[in-house]
Amino acid sequence: MSEDTPPTLPDRLSVDPNSPYYDEAVLARNVGVRFKGQDKTNVEEYCVSEGWVRLSVGNSKDRHGNPLTMKLQGPVEPYFREG
């Protein structure tokens, strides 16, 4: 592998430290997610192979203090942001 090829992103990634799909090393590299052609900043979790994202809904919290989320289906494109 040459140094010019960018590292690949995982198929599934979560920002919740309690999730088995949480990866602090990848998240530290400033991951962005494009869903249906639009950049989303409120993505809690995504899965490219299954084609869904889990978005936080406002500032609402559940009874455990976790953000309320909704799952949307569609094309998901994760990428590393510049800078």
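## Arg-12 and its strand partner

Start with Arg-12: its bridge partner in strand E4 is Cys-47. Three bridges link E1 to E4 (residues 43-47), and the two run antiparallel. Strands pair here when DSSP finds at least two bridges between them. The strands themselves are DSSP runs (E, at least two residues), while helices are runs of H or I with at least four residues, and both are numbered from the N terminus.

A quick word on what you're looking at: this is a predicted model, where local features need pLDDT of at least 70 and side-chain atom pairs count only at pLDDT 80 or more, while totals for chains, interfaces and linings use all residues. Numbering runs from 1 along each chain as its sequence is written, and side-chain values use heavy atoms, with hydrogens and water left out.

## The sheet

Zoom out and you'll find an open sheet of four strands in the order E1-E4-E5-E6, with antiparallel pairing. At the edges are E1 (12-14) and E6 (67-73), each of which pairs on one side only. From one strand to the next, the twist averages 20 degrees. Those angles run from 0 to 180 degrees between N-to-C directions, using axes that are lines fitted to C-alpha atoms, for helices over the stretch in contact.

## Glu-45

Buried or exposed: which is Glu-45? Glu-45, in strand E4, counts as buried because its relative accessible area is 12%. The cut-offs are under 20% for buried, over 50% for exposed and partly exposed in between (1.4 Å probe, protein chains only).

## Two positive phi values

Most residues other than glycine have a negative phi. Asn-30, though, has a phi near 65 degrees. Asn-30 sits in the loop between helix H1 (24-27) and strand E2 (31-35), and is partly exposed at 33%.

Lys-36 has a positive phi too, about 55 degrees. You'll find Lys-36 in the loop between E2 and E3 (38-40), where it is exposed, with a relative accessible area of 54%.
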